[in-house]
Amino acid sequence: MIPSLTFKKLRLPFIVFILTSVLLGFVQVKVERPMLMVERFFKGSGWIEIFIIALYGGFVAFKMQDKQNVPRWRKITWTTFSIVFFSQLLIGLSGVDKFLMTGKLHLPIPMMIIGGPVFRGELSVMTILFLSTVILTGPAWCSQFCYFGAFDNLAAGNKRPSRGTIKNKNAIKYTMLFLVVSMALLLRWFNVPVPATTLIAVAFGLAGIAVMIIYSRKMNKMVHCSAYCPVGTVVNLTKHINPFRMYIDKSCTLCMKCASFCRYDSLDLTDIRKGKPAIGCTLCGDCLAGCHHNSIKYKFFSMNPEKARNLYLVLTITLHSACIALARI
């Protein structure tokens, strides 16, 4: 007889497998233009891709239900997502239009999620995807789905983050957001040609990569995502439309071990004494691996903290798996 513990460990992966299958199955049946990559090349083969992606989601859920595994496997899966995304970009640039969602190439820089719609006066596919993830999972965009953020996570490395917060972080965050929005409006009002606006966007993206290489590596924190990226600031400001929260209960001993796992500069002594992470928290859950007193917990209305965490894992891993199959430029 299989022990009940085994059934408990398989329950979460099974739920993710089913939800991912249903979500992608709906897309396969209802969307006229094939969204699943394999289906675009071989009719009917999308079902095979759905099965493989759903298995992947179930495997990730099996690994990440253990709190100690979250920092490692979140990095693996997030990096995998970005590799898939940018591989499609390179293939799209080579002229294979089937790797593009619309047949038109969009500049894959996070800033464009905000600046693009302001400049064009209309929402893009990536903006809609971004808003959907914020509604469903709060700040998970900045810890699971952003194709740029994964590289900032890699740049931050595995060493203990430097002590102290990022200097002038809030001032930098809001200044960058203001500059992106105001610049997009000015470019639109003055009818600046698209090639010129593209060069400006590329320069912004390259500057962001420089921030990763110089500052994120130096501080072992995700400086690009926490201070430079305007999308991260929008997530910070809007994430509370989603009911998921994270808090620190009274069992905390102020040992500060959790801070050595936080790459988002959201767990200094002041935050911990307040009983909750700072506004930059993405609910990634890495800090739980460092809290040996189980003081850091997820909250979803009045749900039990462990059930709230499992629900968050189900939603984020299911969406992550679906995005690997669907997030095309």
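A quick word before we start: contact here means heavy atoms within 4.5 Å. Also, this is a predicted model.

Q: Leaving aside neighbours within four places in sequence, which residues is proline 230 in contact with?
A: Start with where proline 230 sits, which is helix 12, residues 230-238. Leaving aside its neighbours within four places in sequence, the residues it's in contact with are Met111, Ile114, Met176, Leu177, Val180 and Phe204.

Q: Is proline 230 buried or exposed?
A: Buried means under 20% relative accessible area. Proline 230 has a relative accessible area of 1%, so proline 230 is buried.

Q: How far apart are the C-alpha atoms of proline 230 and serine 251?
A: Along the chain, these two are 21 residues apart.

Q: How many helices and strands does the protein chain have?
A: Let's count both kinds of element. The protein chain has two strands, and its helices number 14.

Q: Why can we call the protein chain as compact as a globular protein of its length?
A: For 329 residues, the globule rule gives 20 Å. The protein chain's radius of gyration is close to that, so it is as compact as a globular protein of that length, and the value is 20 Å.

Q: What share of the residues in the protein chain is buried?
A: The C-alpha atoms fill a box of roughly 60 × 55 × 35 Å along the principal axes. Of the 329 residues in the chain, the buried share is 51%.

Q: What share of the contacts with a separation of 6 or more comes from residues 24 or more positions apart?
A: Here we're looking at contacts in the protein chain with a separation of 6 or more. Residues 24 or more positions apart account for 79%.

Q: How far apart are the mean positions of the positive and negative charges?
A: The protein chain has 38 positive charges and 13 negative ones.

Q: Which residues touch the most other members of the largest nonpolar core?
A: That core holds 60 residues. Its largest share, eight residues, comes from helix 14, residues 305-326. The members that touch the most others are Trp141 and Tyr147.

Q: Which residues does tryptophan 141 touch, not counting residues up to four places away in sequence?
A: We skip the residues up to four places away in sequence. What's left is Ile113, Met126, Leu129, Phe130, Thr133, Cys146, Tyr147 and Val231.

Q: How many residues are in the second, separate core?
A: Its members include Ala201, Phe204, Val211 and Val223. The count for this second core is eleven.

Q: Is glutamine 28 buried or exposed?
A: Glutamine 28 lies in helix 1, residues 4-30. Not counting residues up to four places away in sequence, it touches Leu36, Glu39, Gly46, Trp47 and Ile50. Its relative accessible area is 16%, so glutamine 28 is buried.

Q: What is the phi of asparagine 220 near?
A: Asparagine 220 lies in the loop between helix 10 (194-219) and helix 11 (223-228). At 13% relative accessibility, asparagine 220 counts as buried. Its phi is a positive value in a residue other than glycine, near 55 degrees.

Q: What is the phi of leucine 254 near?
A: Look in the loop between strand 1 (244-248) and helix 13 (269-274) for leucine 254. Leucine 254 is partly exposed, with a relative accessible area of 35%. Its phi is a positive value in a residue other than glycine, near 60 degrees.

Q: How far apart in space are threonine 253 and histidine 292, C-alpha to C-alpha?
A: Threonine 253 is in the loop between strand 1 and helix 13, and it is partly exposed at 45% relative accessible area. Threonine 253 and histidine 292 are 39 residues apart in sequence. In space, C-alpha to C-alpha, they are apart by 10.0 Å.

Technical notes
Residues numbered from 1 in each chain as written. Predicted model: local features only at pLDDT ≥ 70, side-chain atom pairs only at ≥ 80, totals over all residues. Heavy atoms only, no water. Helix = DSSP H or I, 4+ residues; strand = E, 2+ residues; numbered from the N terminus. Rg over C-alpha atoms; globule rule 2.2 N^0.38 Å. Buried < 20%, exposed > 50% of the residue type's maximum accessible area, 1.4 Å probe, protein only. Lys, Arg positive; Asp, Glu negative; His and termini not counted. Charge placed at Lys NZ, Arg CZ, Asp CG, Glu CD. Core = buried A, V, L, I, M, F, W, Y, C linked by side-chain atoms within 4.5 Å.
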